[in-house]
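Colleague: I would like a close look at one helix pair in this model, and at the backbone geometry elsewhere in the chain. Please keep it to what can be computed from the atoms.

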Amino acid sequence: MTGYADATEGELAEPIELMEFRLKVRAFLAEHAPRRSTRRDDDGVVTASAAEDLATQKAFQAALADAGLAGLTWPKPWGPGGTAEQQGIFGEEAASYDLPITTFLIGLGMVIPTIIEFGTDAQRARYVGKALRGEEIWSQLFSEPGAGSDVASLQMRAECDGDEWVLNGQKVWTTGAQVSDFGAVIARTSLERPKHRGITMFIIDFTAPGVEIRPLRQMNGGSGFNEVFFTDVRVPDANRIGDVDDGWRCAVAMLMNERVAIGSGGGGRSIGVAPLIELARRRGRLDEPLVRDGIVDVYIRTKILGLIGQRTRAASKAGKAPGPEGSVAKLVGALLARRTSDLGIAIAGVGGQAWMDARDSRWALAVLSAPASRIAGGTDEVQRNIIGERVLGLPKEPQVDRELPFKELRVGTQSPRA
Ligand SMILES: Cc1cc2nc3c(=O)[nH]c(=O)nc-3n(C[C@H](O)[C@H](O)[C@H](O)COP(=O)(O)OP(=O)(O)OC[C@H]3O[C@@H](n4cnc5c(N)ncnc54)[C@H](O)[C@@H]3O)c2cc1C
């Protein structure tokens with residue numbers, strides 16, 4: 001293990017047990033994680049294309065679990081029961097690495113915490129440990145072609161047949177389904193009840209007969225998400241998460257976890273200011289006031305996002321369910337992604353926009369990828385609605401469809417025009 005000699009002055013002011021934890025994390029990362037610098041070109045730009053193959057990710061996740069550093073703040077016995085401070089320290093130490101963990105973010109950041117909270121003991125015993133070690137990969141299947149922001153208007157049906165459910169319908173934008181083993185799906189179990197109160201959540205096995213996955217191509221060239229079709233897919237009742245018709249409660253909890261995870265940079269994907277400084281220096285523009293102003297703006301927003309992340313982790317450790325601060329974090333993260341990529345492409349200039357230089361073309365890729373963060377996990381507009389209503393106390397949007405039985409709705413997916 002690295003000695004105390006490596007510690008900075010600020011770190012030495014930490015309580016001894018946190019200092020020991022920091023050194024443990026530092027030693028683990030030094031041994032197992034690829035450093036960011038190893039994946040930068042000579043301008044310091046982090047490459048987006050570095051291979052993170054599944055085997056590498058699984059091996060890293062298993063090592064993380066063995067070291068007691070996976071699912072850090074999950075309660076015992078499911079996780080190590082770590083503190084918010086420890087999570088913060090892990091984030092600080094991991095900032096200079098590219099952790100090969102993207103495949104597990106949905107499972108570990110969103111689905112499994114929901115199973116820990118709402119699932120049965122049998123489900124927790126069966127799924128939590130394998131997910132934590134990266135042995136099984138999970139997806140989240142909420143969105144449908146007609147139900148995204150208003151996901152409660154979903155049309156996918158689940159009908160009870162003895163001790164099984166029969167699922168029919170289509171999901172879309174399912175991230176990682178092509179490599180996943182399991183997914184958490186929400187489906188309509190009652191047409192008689194209002195739309196939020198007739199939904200149930202299930203665990204689905206992607207290898208079950210009747211499940212068909214079709215990858216989608218994105219504008220940035222990737223194909224990370226999919227359409228998933230369900231035709232008479234049989235799901236045992238033992239795979240139901242939470243009560244029948246109470247899936248909305250589980251879905252909201254999962255969406256809150258998602259916003260916190262995206263907003264607090266769970267993927268470690270925030271570009272940061274170092275590549276901007278390197279780019280500006282190479283282009284001879286580092287002394288331009290507007291460029292400096294832009295870089296300082298990105299720096300401040302990155303720091304603010306880090307502080308929001310600390311606050312949400314502390315709230316969650318204190319036993320508070322993720323609240324509207326998740327929406328604030330998500331919104332700030334999405335705005336930061338756009339500002340960073342806009343500034344990068346502005347500094348790179350025409351060459352970057354025309355993909356003329358392999359190094360600068362990375363900024364064009366960042367511009368094409370940034371809009372995804374404004375949509376995934378609830379759009380910027382939806383986050384603003386939540387902040388307006390739940391933080392600022394503004395009146396709620398009028399909702400004509402909240403109390404009517406789903407089958408009587410004439411709006412959303414039930415609209416005669418839909
Ligand atoms: C990268 C990425 C990954 C994703 N991964 C998943 C996944 O793994 N699983 C999954 O289930 N889904 C996933 N999604 C889907 C995502 O949740 C939806 O795209 C999102 O909720 C928006 O829904 P929509 O695309 O149907 O847009 P719509 O809901 O049709 O929205 C269209 C426009 O109308 C605006 N709008 C809608 N309602 C309101 C309102 N009430 N007030 C103001 N403006 C409004 C929106 O802001 C948007 O600009 C992913 C999306 C992206 C981009």
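Modeller: What follows takes the helix pair, then the chain as a whole, then some backbone details.

The model is predicted. Two packed helices are described by the angle between their axes and the distance between the axes. For helix H5, residues 105-118, and helix H6, residues 121-132, the angle is about 160 degrees and the axes are 10 Å apart. H5 is therefore roughly antiparallel to H6, since an angle over 145 degrees counts as such. The two helices cross with left-handed sense. On the H5 side, the contact is made by Gly107, Leu108, Ile112, Ile115 and Ile116. H6 contributes Gln123, Arg124, Tyr127, Val128 and Ala131. Sorted by class, the contact of H5 with H6 has 7 nonpolar, 2 polar and 1 charged residues.

The chain has 418 residues, of which 39% are buried. Taking contacts between residues at least 6 apart in sequence, 71% join residues at least 24 apart.

As for confidence, the mean pLDDT of the chain is 87, and 89% of its residues reach 70 or more. Residues 37-51, however, have a pLDDT below 50. Beyond near neighbours in sequence, that stretch has 28 contacts in the model.

The backbone details come next. Most residues other than glycine have a negative phi, and most peptide bonds are trans. Against that background, the peptide bond joining lysine 76 and proline 77 is cis, with omega about 5 degrees. Proline 77 sits in the loop between helix H3 (54-66) and helix H4 (84-94).

Tryptophan 173 is not a glycine, yet its phi is positive, about 60 degrees. This tryptophan 173 is part of strand S3, residues 164-175. Tryptophan 173 counts as buried because it has 21 C-beta neighbours inside 10 Å, and the cut-off for buried is 20 or more.

Aspartate 232 also has a positive phi, near 50 degrees, and is a residue other than glycine. Its place is in strand S7, residues 225-236. Aspartate 232 has 11 C-beta neighbours inside 10 Å and so counts as exposed, the cut-off there being 12 or fewer.

How values were computed: Residues are numbered from 1 along each chain as its sequence is written. This is a predicted model: local features need pLDDT of at least 70, side-chain atom pairs count only at pLDDT 80 or more; totals for chains, interfaces and linings use all residues. Axes are lines fitted to C-alpha atoms, for helices over the stretch in contact, and angles run from 0 to 180 degrees between N-to-C directions. Helices (H or I, at least four residues) and strands (E, at least two) are DSSP runs, numbered from the N terminus. Angles under 35 degrees count as roughly parallel, over 145 as roughly antiparallel, 65 to 115 as roughly perpendicular and the rest as oblique. A crossing is left-handed if the near helix is turned anticlockwise from the far one by less than a right angle, and right-handed if clockwise. Two residues are in contact if their C-beta atoms, placed from the backbone, lie within 7 Å. Ala, Val, Leu, Ile, Met, Phe, Trp, Tyr, Cys and Pro count as nonpolar, Asp, Glu, Lys and Arg as charged, and the others, Gly among them, as polar. pLDDT is the predictor's confidence in each residue, from 0 to 100.
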